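Trainee: Could you walk me through this one? I keep running into terms and would like to know what stands behind them.

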Amino acid sequence: MASDPTAKARPETSPAPTSAGVVLDDVAIQRALMRIAHEIVERNEELGRLYLVGIPNGGPPLARQIARNLREIAGVDVTVGVLDTTLYRDDRLTSGIRPKLRRTEMPSAVDDRVVILVDDVASTGRTIRAAMDALMDFGRPRAVQVVALVDRGHRELPIRIDYVGKNIPTQRTDHVELRERQGGEGMEVVLMQGRGAPS
Amino acid sequence: MMGRGLLGIEDLEREDIELILETAFHMKEVGRREVKKVPTLRGRTIINLFFESSTRTRTSFEIAGKRLSADVVNFSPSSSSLTKKESILDTAKTLDAMDPDAVVVRHSVAGVPKQIADELTAPVINAGDGAHEHPTQALLDLMTVVEEKGRIDGLTVTIIGDIAHSRVARSNIYAFTKMGAEVRVAGPPTMMPAQVECLGVKSFRSLREALDGADVVMALRIQLERLAGALFPSVREYSATFGLDRAKLRYAKDDAIVMHPGPVNRGVELSHDLANRRPGVILDQVRNGVALRMAVLYLLAGRKPGATEER
């Protein structure tokens, strides 16, 4: 998940954004999601086993779009689920506040499926690690692959992203987030310098 | 409010209640999974300190803690040592030295959880104290009503029975009025606290008037073992006047739900057919109790006093 959930609780006096820029606009996002759908078809033989699982808040809309793209290019209906990782995170135990839980909705069993986790912004790898742990509690997938719309680096765990929308070099202190496009339809990814730690 | 524990609904803001309920609904989904356990409280210790025996509530808290991967320890001091104030505070200090992350307290005397909370660094959750409050029961009742009715705001809730001696009644009065419901209470005059209207409720002597147009009917447990003969002439008379059956329930709305904190004295507060009614919500209350207590433990036991927000 891209946004740092503690960021909102911080007073406005915390380091002011030195700049905030759109690093992926809606057209670029849609193009990346279409390319990722093609790569998924290329890499997987049994498309019927696919199960797209979005990690809130950014993942689910991306997962739904990838599912639409897969229907368009390969004619398959892929199950889409939502998996909140909050209760599996390791970096919350030291924190003073308890993050809000998000919805989890796994419409069918994951046993023997090829689960593709979909996250908006990948960084340390801790969210993906938590998502894999959560997933294993739902069953035994045949394989797990990972989509990230943006990979900003700073990995802290041995986790590889299989499908990357765009690699964006960042400082650890930057904040990258997927959000609704301001003043219009669609989505955009913005980078705010000096606004938060990677998650 | 939530920082120092959960001692009563009286201390909560509406936003706190909404956060707890929202979290509880997410926890309920965890309870429907094949593996009903999440690692969020791994390495945390929760002590169930029950001075007054209660298998249901204690078990509910125990399951809730275990589903969050906490280590749950049940501590039930013998009843002979609890009448002395010193021993309660000594017990609290002893427990504090064991470094728990949350302590769940039940006691037959009002105010003991607060006293213990003042001695502990860990948050204290009140699991029922005398005739004072039973906050998790009221919260799970709210949760059950939200599930059934989709809202609390604007509903009419009638609570029947021993209002004066019931911590469930008190917590529910605070809970439902804070969430915007109209709360009515009905019962024999001996069981009605003086000036109960100060709590923002309407009181009735007639069950029929109290039930008129009610969306939710909540029957309280009559403590037969303690009260029979003292506050009403006979069980049969109580049951005839304030016991709920199908005929009396007709005064309420057609889709009214019947709740009871359990265990039910069949034929006293509720007729057999109402206690058995399917679909009924009384077992949903029990089921929601686990999810609700998971939410409270998650929100309270997960944090360390003085922990900084570092990532």
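Mentor: Let's take the terms one by one, remembering that this is a predicted model.

Trainee: Fine, start with chain A. What helices and strands does it have?
Mentor: Chain A has 3 helices and 8 strands. Along the sequence they come in the pattern β-α-β-α-β-β-α-β-β-β-β.

Trainee: Why is strand E5 of chain A called largely enclosed?
Mentor: A residue counts as buried if 20 or more other C-beta atoms lie within 10 Å of its own. In strand E5 (residues 143-151) of chain A, 7 of the 9 residues are buried, so the strand is largely enclosed by the rest of the structure. For the whole of chain A, 42% of the 199 residues count as buried.

Trainee: What makes E4(A) and E5(A) a pair?
Mentor: Two strands pair if there are at least two bridges between them. Strand E4 (residues 114-122) of chain A is joined to E5(A) by 8 bridges, so the two count as paired, and they run parallel. For instance, A:Ile116 stands opposite A:Gln145. Between E4(A) and E5(A) the chain passes through helix H3 (residues 126-136) of chain A, in a right-handed β-α-β crossover.

Trainee: Over to chain B. Why are E1 and E3 of chain B called edge strands?
Mentor: The open sheet of chain B has 5 strands in the order E1-E5-E4-E2-E3, with parallel pairing. E1 (5-6) and E3 (71-75) each have a single partner strand, so one side of each is left without a neighbour in the sheet. E1(B) is joined to strand E5 (residues 124-129) of chain B by 2 bridges, and one links B:Leu6 with B:Ile125.

Trainee: Which residues does B:Leu297 touch?
Mentor: Leaving out residues up to four places away in sequence, B:Leu297 touches B:Leu41, B:Ile46, B:Ala64, B:Gly65, B:Leu68, B:Ala70 and B:Ala102.

Methods
Residues numbered from 1 in each chain as written. Chains lettered and ligands numbered in written order. Predicted model: local features only at pLDDT ≥ 70, side-chain atom pairs only at ≥ 80, totals over all residues. Contact = placed C-beta atoms within 7 Å. Helix = DSSP H or I, 4+ residues; strand = E, 2+ residues; numbered from the N terminus. Buried ≥ 20, exposed ≤ 12 C-beta atoms within 10 Å, placed from the backbone. Right-handed = clockwise from strand over helix to strand, strands pointing away.
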